Amino acid sequence: MKHTMMILLLFLSHKLVAQDGPTAGSALRSLSGVDMITGKVIDVVFKESKDYTLFHFWNSQSDSCLTDFPRFTALVKQYDRKLTVYGFPYETKQQITAAKAVVAKYKLNWSHLLQYKQADRQGAAVIDVLQINMFPTYMLLDKEGMILVRSNFLEDVEVVLKRLE
C-alpha cells in the first residue's frame, strides 16, 4: 500500500518528466563507487542505511543543480535522522576540481561517488545503468532498495518525504 501511494503521488506531481531507466516501484541492488573527496571505495547497502536513501545525480556545470543546492542541503538537514545521502557528480577529469569546490561551498557533507563523463559516456557506470539523462536527478529509496520517487524536481522528493512522516 505504501509503495502504491508513492507511485500515485508521482502521477499527481505537477512537473513530471518522462524518464528512461528504473522508476518508482523498481528495486535496485547494492552498488559501490569511489568517493570523489576521500578516494575510498564506498559500498551502498540499503539495509544498512537510515530509513531512506537519497541519490542525488548532479554536475558542477549545471545551472539547475547549482540553483537547487541550497534547498537540497536544507532538505537533507530537515530529514537528517531519516536519510542517508549519496551524491553522484557526473564530471570530466577537468571538472573534478570545480566539483570539489561545489561540495565545499554548499557543505555537501556526504559521500560523492564520482561518475566520469567521457565523450562516449563510458566510465559512468551508475549513470549509464540507471539511464540518468538530466541533471539534477533525485532518487529516494527505501531500505529494500525500492525506488519511491525518481524526479528531476526536488519538490517531488519533498512531497514524498512529507507523506512518509
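## Briefing on a predicted model

Lys107 counts as exposed, because its relative accessibility of 60% lies over the 50% that marks an exposed residue. The structure is a predicted model, and Lys107 sits in the loop between α3 and β5 (111-112), where Lys107 has a positive phi of about 55° although it is not a glycine.

**The loop between α4 and β7**

- Gln131, which lies in the loop between α4 and β7, likewise is a residue other than glycine with a positive phi, its value being near 55°.
- Gln131 counts as partly exposed, because its relative accessibility is 35%, which falls between the limits of 20% for buried and 50% for exposed.
- Pro136 also has its place in the loop between α4 (125-130) and β7, and the peptide bond that joins Phe135 and Pro136 is cis, with an omega of about 0°.

**Helix α2**

- Helix α2 covers residues 63-78, a run of 16 residues, and its first and last C-alpha atoms are 24 Å apart, which is close to the 22 Å expected at 1.5 Å a residue.
- At Phe69 the helix α2 bends by about 45°, and a proline, Pro70, follows within four residues.
- Phe69, where α2 bends, is also one of the buried residues of this helix, together with Cys65, Asp68, Phe72, Leu75 and Val76.
- The cover over the buried residues of α2 includes the strands β3 (52-58), β4 (83-91) and β7 (137-141), as well as the helices α3 (96-105) and α5 (154-164).

**The largest nonpolar core**

- The largest nonpolar core has 48 residues, and among these Leu54, Phe55, Phe57, Met139 and Leu140 are the ones that touch the most other members.
- Phe55, leaving aside residues up to four places away in sequence, touches Leu28, Leu31, Val44, Phe46, Tyr86, Phe88, Thr137, Tyr138, Met139 and Leu141.

**Thr97 in helix α3**

- Thr97 lies in helix α3 and is exposed, because its relative accessible area of 62% is over the 50% cut-off.
- The C-alpha atom of Thr97 is separated by 10.0 Å from that of Met36, although the two residues are 61 residues apart along the chain.

Methods:
Residues are numbered from 1 along each chain as its sequence is written. This is a predicted model: local features need pLDDT of at least 70, side-chain atom pairs count only at pLDDT 80 or more; totals for chains, interfaces and linings use all residues. Side-chain values use heavy atoms; hydrogens and water are left out. A nonpolar core is a set of buried Ala, Val, Leu, Ile, Met, Phe, Trp, Tyr and Cys residues joined through side-chain atoms within 4.5 Å. Buried means under 20% relative accessible area, exposed over 50%, partly exposed in between (1.4 Å probe, protein chains only). Contact means heavy atoms within 4.5 Å. Helices (H or I, at least four residues) and strands (E, at least two) are DSSP runs, numbered from the N terminus. The expected span of a helix is 1.5 Å times one less than its number of residues. The bend at a residue is the angle between axes fitted to the seven residues ending there and the seven starting there.
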